[in-house]
Amino acid sequence: MIGVAVKAAKSGGRTAGMGLLSRPSFLSALPSSFRLLSGNNDHGSNPVTIQMINYGLSHARTHKSDESYAQGLLVLEQCLSAPTSDMDNSSALALLAMSSLLSERGNFCEAIDKLQKIQDLTRSSLGVRVAAMEALIGLHLELGQDDTSSELAEKCLQLVGNNAPEIDSEDESEIASTRGKAVKGLVELVRGNLESAESFFPISMNEKGCFGNAALSYGEFFHAKQDLVVAKELYKKVVQEMTDKKEFSDSACNMASQEALLAATCALGQLEAQSGNFGDAEEILTKALTEAEECFGSHHPKVGVVLTCIALMFRRKAMAERSSSLLIQEGLYRRAIDLLKAPPIDAEEAKVERRDVVALARGGYGEALIVQQNRKDEGEKMKRWAEAAWRNRRLSLTEALEISDPSSKLPVIDTRICRTL
C-alpha cells in the first residue's frame, strides 16, 4: 500500500475527451456472424445482438482510448438498425450499452439521452426498461440532481406497477419490483431519510431480486444504521455474485455490474476500516483501486474516489494506533483531488462535481495539514473550503471525519454515484 501511496503522490493526471470517429472500415474487421446483423436479412437474433454488444464493449474498454470508444459505439449503432425478431428489446439493449460507454467517458448528457429513448420502446422487456430507469436515476444522483432522481424513482415504481400484471413470469415481476424499490431506497439514503429508505428495501436478503445493485444499496442502508454485521454480509454477497460476471447484462452506466462490484468492494473496505480491521481494509481497498484502474483507466475520477477512501482509512489507522502517516495521506489526498478535478480553492462560485467526495478529500487533507505547525494556515483554509462545499443532509463534515467517538455516525462513500451516504 505504501507503494500505492508513493505512486499516487507522484503521478500526474490528465483527462481525455471523447470524439465520435467515423470509421466504416472498422466494421469490416468484425467476424461475419456479427456483420450479418447490419445486412438486409432476417437472420439477426437476440443472441447475436448480445454477441455484438459484448464485442463493442470489450473493444472500447480493452484499449480505453477515444478512438476505441468511438469504434465501440459504432459497433453498437449497428444493432439499432439490424433486423431482429425482437426489434425493441435488441435496440433497448444496444442503447443501454451505448449509454454505458458514453457515461464512462464523462458524456452524461448523451448517455441520459440514450436511456430516455428506451422508455419509448414499449415492446422491450420490463427488466430492460427498469434497468434504464435505474441508470437514469444513478446518473442524476452522481450529477447532484436529487430532485430529478426522486421524480424518476417514482416513475420507476409506476412503471413496475403498471406493467407487472401483464408479465407472465411471477419471478420477473418480483425482481423488477425489488429493483425499482431499491433504487428509490438509494435516493432516500442520499437525501438522508433513513426511515423512509427502510420501507423500500427487501424484508430479507433472500428475497427475489435482492442481488446486484439492490443488495448493495440494502447493505449501505444497514451500514449507515451501523448494523455492520448485516452490511458486511450483503457486501460480500454482491462481491461474490459480481466477480465472475464479465458479460453484458441488463444494467448500465454507474449501475452496471462492474460498478456494483467496485462499489461493494470499496464499501466493504470502508466497513473494515471503521471496525478497526486495518489489515483487511488495506487489502480490500487496494483491490478496489486495482479494479477501478482496470475498469476505467488510471486517470478516471472513480480512481480518485477510491483513493479518498484509502486516505481516510490511513487517517483512521494512524489515530487508532497513535502513529503517523501524514506523508502517505498527503500523497493520496493530493492525487485524489487532482483526479476528481476539484476547482482551485480561490475560485469563486466554481462548479464542484462529485461534491461530497471532493469535500471529504479536502477536509481530510486540511486536517492532515493543520497538525503541522508550518502548514496550519493552509490546512485551515482547505478545511473552510470543504465545510462550505459540504451538502450532505444526514451528517456534517465534522461527523464524517470523526474517528475518536465510536458512537458517531458512519459515512459510506458509494463509488457508483460518488456520493457520501
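Colleague: What should I know before reading the numbers?

Modeller: It's a predicted model, so local features need pLDDT of at least 70 and side-chain atom pairs count only at pLDDT 80 or more, while totals for chains, interfaces and linings use all residues. Residues are numbered from 1 along each chain as its sequence is written, and side-chain values use heavy atoms, with hydrogens and water left out.

Colleague: OK. How many helices and strands are there in the protein?

Modeller: There are 20 helices and two strands. Those are DSSP runs numbered from the N terminus, with helices being H or I of at least four residues and strands being E of at least two.

Colleague: And what percentage of the residues count as buried?

Modeller: 57% of the 421 residues. Buried is under 20% relative accessible area, exposed is over 50%, and partly exposed is in between, using a 1.4 Å probe and protein chains only.

Colleague: Give me an example. Where does valine 305 lie?

Modeller: In helix α16. Valine 305 counts as buried because its relative accessibility is 0%. Leaving aside neighbours within four places in sequence, valine 305 is in contact with Leu340, Val357, Ile413, Thr415 and Cys418.

Colleague: How far apart are valine 305 and valine 357?

Modeller: They're 52 residues apart in sequence, but 6.6 Å apart in space, C-alpha to C-alpha.

Colleague: Next one: is serine 325 buried or exposed?

Modeller: Buried, because its relative accessible area is 10%. Serine 325 is in the loop between α16 (301–321) and α17 (326–339). Not counting residues up to four places away in sequence, serine 325 touches Phe314 and Ala318.

Colleague: Switching to aromatics. How many aromatic pairs turn up in the whole structure?

Modeller: Five. One is phenylalanine 221 with phenylalanine 222, where the ring centres are 5.4 Å apart and the planes are at 65°, so that pair is edge-to-face. The rule is that rings of Phe, Tyr and Trp (its six-membered ring) pair if their centres lie within 6.5 Å, with planes under 30 degrees apart stacked, over 60 edge-to-face and the rest tilted.

Colleague: Which residues do ring pairs link into a cluster?

Modeller: Phe201, Tyr218, Phe221 and Phe222. Phenylalanine 221 is buried at a relative accessible area of 2%, and phenylalanine 222 is buried too, at 13%.

Colleague: Which charges sit over rings?

Modeller: Arginine 105 lies over the face of tyrosine 69, at 4.6 Å from the ring centre. Arginine 362 has its charged end over the ring of tryptophan 385, 4.5 Å from the centre. To count, NZ of Lys or CZ of Arg must be within 6 Å of the ring centre and within 35 degrees of the ring normal.

Colleague: Now the holes. How many cavities of 30 Å³ or more?

Modeller: Two. On a 1 Å grid over the protein atoms alone, a cavity is a set of points where a 1.4 Å probe fits but cannot get out; a pocket is an open set with protein on both sides within 12 Å along at least five of seven lines, and lining residues have an atom within 4 Å of a point. Grid points are joined across faces, edges and corners, and a volume is the space filled by probe spheres set on the points.

Colleague: What lines the largest cavity?

Modeller: 17 residues, with Gln274, Leu312, Met313, Arg316 and Pro411 nearest its centre. The largest cavity holds about 190 Å³ of space. α16 gives the most to this lining, with five residues. By class, the lining has twelve nonpolar, three polar and two charged residues. Here Ala, Val, Leu, Ile, Met, Phe, Trp, Tyr, Cys and Pro count as nonpolar, Asp, Glu, Lys and Arg as charged, and the others, Gly among them, as polar.

Colleague: And what volume does the second largest cavity have?

Modeller: About 30 Å³. The largest share of its lining, four residues, comes from α10.

Colleague: Last topic: which residues lie nearest the centre of the largest pocket?

Modeller: Phe108, Glu142, Pro301, Glu353 and Arg354, out of 41 lining residues. That pocket has a volume of about 1,000 Å³, and its lining has eleven nonpolar, 13 polar and 17 charged residues.

Notes:
Contact = heavy atoms within 4.5 Å.
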